[in-house]
Amino acid sequence: MATILHIETSTNVCSVAYSHDGVCLFERLDMMGPNHASVLGGFVRDAIAFADSQLLPIDAVAVSCGPGSYTGLRIGVSTAKGVCYGRNAKLIGIPTLEVMCVPLLLGEKIPENALLCPMIDARRMEVYTAVYDRALRPVKTICAEVLDENSFSDLLKDQDIYFFGNGSGKFKTILDGHGVKNAHFFDDVVPVAKNMMPLAEQRLMRDETEDVAYFEPFYLKEFVAVKSKNKL
């Protein structure tokens, strides 16, 4: 097993964790944001100081790579790259929506055939979202979705779907009164660094790491470009 520094800055929450052999040894969390520019550096310095005090290395840095806040992702990825260069560590990119699924998979009793649909608020009636099975295989790939009463109807007619994240409340309001029995909602699910641990460890074991020099977060730029082109 490895020692990994985890950085999550994709939403208003800013968090850092440090894990060794699959155990979280250090965590800092700020939920009063967005304060990433002012608090992330201190969180990372404290995590590195803790690792050094325990004579532990930093084998890799895992960073949430989006979708999410443009500013937050840039701050997180830039910081992660700096640590990788300074400590000769590997870089691991973890999709934000996968991070959000971890607490449900570990702590909630969800049927084996159920689907997971994390949602990040993208203003108005739009969300960044995807749909996964319990093995985090994508059933619907990451996209920007404009919500209405027909959203996900093709999946909801046959399967239970669990919606969560700070964008899911908008969809719950839309569905109220429509009698959709297979839609379930969880409140207060946000991406935090410690929930990156199992995903980062799996990727590191498979040697699924990033090129530190060229890695960028996922801003849905391709989706936006196609969407804008179609309007012309």
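Me: Buried means under 20% relative accessible area, exposed means over 50%, and partly exposed lies in between, with a 1.4 Å probe and protein chains only. Which residues of helix α6 are buried?

Reply: This is a predicted model, in which local features need pLDDT of at least 70, side-chain atom pairs count only at pLDDT 80 or more, and totals for chains, interfaces and linings use all residues. Residues are numbered from 1 along each chain as its sequence is written, and side-chain values use heavy atoms, without hydrogens or water. In α6 (residues 197-205), the buried residues are M197, L199, A200, E201, R203 and L204. Helices (H or I, at least four residues) and strands (E, at least two) are DSSP runs numbered from the N terminus. The buried residues of α6 pack against β1, β2, β3, β4, β5 and α3, where contact means heavy atoms within 4.5 Å.

Me: Why is F152 called buried, and why is R124 called exposed?

Reply: F152 has a relative accessible area of 5% and is therefore buried. R124 has 78% and is therefore exposed. Phi is positive in F152, near 65°, and in R124, about 50°, although neither is a glycine. F152 lies in the loop between β8 and α4, while R124 is in the loop between β6 and β7.

Me: How do you know that α1 and α2 are roughly parallel?

Reply: Axes are lines fitted to C-alpha atoms, for helices over the stretch in contact, and angles run from 0 to 180 degrees between N-to-C directions. Angles under 35 degrees count as roughly parallel, over 145 as roughly antiparallel, 65 to 115 as roughly perpendicular and the rest as oblique. Helix α1 (residues 36-53) and helix α2 (residues 70-87) pack at about 30°, with axes 11 Å apart, and are therefore roughly parallel. The contact includes L40, V44 and I48 of α1 and I75, T79 and V83 of α2.

Me: Why are β8 and β10 said to stand at the edges?

Reply: The open sheet has five strands in the order β8-β7-β6-β9-β10, with mixed pairing. Strands β8 (138-146) and β10 (183-186) each have a single partner strand, so one side of each lacks a neighbour in the sheet.

Notes:
Two strands pair if DSSP finds at least two bridges between them.
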